Amino acid sequence: MSFTVSRLGECKIKSPMQLSTQKNDGICDFVGDDERILHTNSFNEIMETIAKGETPISFEKIGPKEFLYFEPAKTKVAIVTCGGLCPGLNNVIRGLVVQLWNAYGIKKILGVKFGFAGLNPENSLPFVELTPDLVDDIHKEGGSMLGSSRGEVSPEVIVDTLESNNINILFCVGGDGTLRSAHAISEEIKKRGLKISIAGVPKTVDNDINYITKSFGFESAFTAAQSIVLNAHNEAKGAQNGIALIKLMGRDSGFIAAYTAMAVPDVNIVLVPEQDFDLENEKKTGLLNYLERRLKDKQHAVIVVAEGAGQNLFGDDGKDKEKDASGNVIPDDIGIFLRDKIKNYFKKKNIPIAIKYIDPSYIIRSIPANANDSKFCVQLTTNAVHAAMAGRTDFLVGYWNNAFTILPIEEAAARGERKKIDTESDFWLSVLEATRQPSSFK
């Protein structure tokens, strides 16, 4: 794996930021080009790597640079938000605009309407001229003031638009589909020999992008899910054999469901895409077998299921499943499926139940960011701007080992791999200890 970020050229322009190059003088320092953040924080792993004569894997640490590639007075920037909604999108737009304007004095900032569709002239979507006054209060609202969309636009068409509008930097805010497109745009720019920076700000409410500890909006999402689950628990306890079944986001990775289960001790069962399960089996270790025992013991149950869980139960290999406009496989609806299976199971056994099925996904996606996510968005965007102004391109800004980093889009997202829960990890053990469910329903 190579975590070397591409550069447009030599940085020769002195930064307008009044920072220091001296340690311990009480003034914030510029970040050197050679500063790196280790991939692992395990002392043993680092020593083993060095003993082999190898260099430990690391990421470039990002922050303000003493010298820039782009001259601020001549720089024109565009911002595009793509994919599904996510808490914090408006915070990111605001953060980029304010940092570009105030820290670097860049006054030419364009907002692209409705995702990459706004970079296709055929759609006749005019740019929005962004200023600090225009974006001053947008962080108080959910959604994206620029709108968003899924689906690809030809990289050739997008680069034509960037070139004809003299855009020097394009900030792409989106998930893995957006970042794959951003990488393709970078490749087209490189083919033409142009000096345009493509900067990625990773947006995934599922928190499933590789080499990034957390993505903005994720914490807001499971915080919002917390109150929903608490109320669902009250609903379940208020009826004989009450069952609350809540479906949360997570097509390929179950982080939201898992974090919600740890945040709310009332969750009794959490199901994630990383672990298949049986409904019933001869050893009575299936989900429904366990649920029956749970109701006999406690007379209620709260189940949280990630949307991509249990796909093994639908009897197909996934090859012919429908895909959304971003190319992501749309999973079969595990929520409705489980609801019906639970009803039928207990009906056959003549056990009365009261099941309530809740799917709050789209409500959660569109809420404003909470305080910690708002703070995180500011940090992400300031560092994305620092990197782009220093001529980095085809990169995304991330957070790893308590530091802000940049890494190539290709390594993090363009290959279609996603970060997943390790079901042998301490984290997953903490989830199981919180719910008290068995380690497997197989």
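Two strands are taken as paired if DSSP finds at least two bridges between them. Strands (E, at least two residues) and helices (H or I, at least four) are DSSP runs, numbered from the N terminus.

The structure is a predicted model, in which local features need pLDDT of at least 70, side-chain atom pairs count only at pLDDT 80 or more, and totals for chains, interfaces and linings use all residues. Residues are numbered from 1 along each chain as its sequence is written, and side-chain values use heavy atoms, with hydrogens and water left out.

We may begin with the sheets. Strands of a sheet pair through backbone hydrogen bonds, either parallel or antiparallel.

Strand 16 (residues 395-400) and strand 17 (residues 403-408) run antiparallel and are joined by 6 bridges; Y399 has F404 of strand 17 as its bridge partner. Strand 9 and strand 10, in turn, run parallel, again with 6 bridges, and I169 is partnered with S197 in strand 10. Strand 10 is largely enclosed by the rest of the structure, because 6 of its 6 residues are buried (under 20% relative accessible area, with exposed over 50% and partly exposed in between, for a 1.4 Å probe and protein chains only). S197, A199 and V201 point one way from strand 10, while I198, G200 and P202 point the other way.

A second open sheet has 4 strands in the order 12-13-11-14, with parallel pairing. Strand 12 (269-271) and strand 14 (354-358) stand at its edges with a single partner strand each, so one side of each is left without a neighbour in the sheet. From one strand to the next, the twist averages 15 degrees. Strand 11 (residues 242-248) is joined to strand 14 by 5 bridges, and G242 has A354 as its bridge partner. Helix 7 (residues 287-298) lies across strand 11, strand 12 and strand 13 (300-306), at about 150 degrees to strand 13.

On a 1 Å grid over the protein atoms alone, a cavity is a set of points where a 1.4 Å probe fits but cannot get out, and a pocket is an open set with protein on both sides within 12 Å along at least five of seven lines; lining residues have an atom within 4 Å of a point. Grid points are joined across faces, edges and corners, and a volume is the space filled by probe spheres set on the points. The whole structure holds 2 cavities of 30 Å³ or more. The largest cavity has about 390 Å³ of space and is lined by 27 residues, with R150, G175, D176, K203 and N328 nearest its centre. The second largest cavity has about 50 Å³, and its lining includes W428 and F441. The largest pocket has a volume of about 400 Å³.

How values were computed:
Axes fitted to C-alpha atoms, helices over the stretch in contact; angles between N-to-C directions. Contact = heavy atoms within 4.5 Å.
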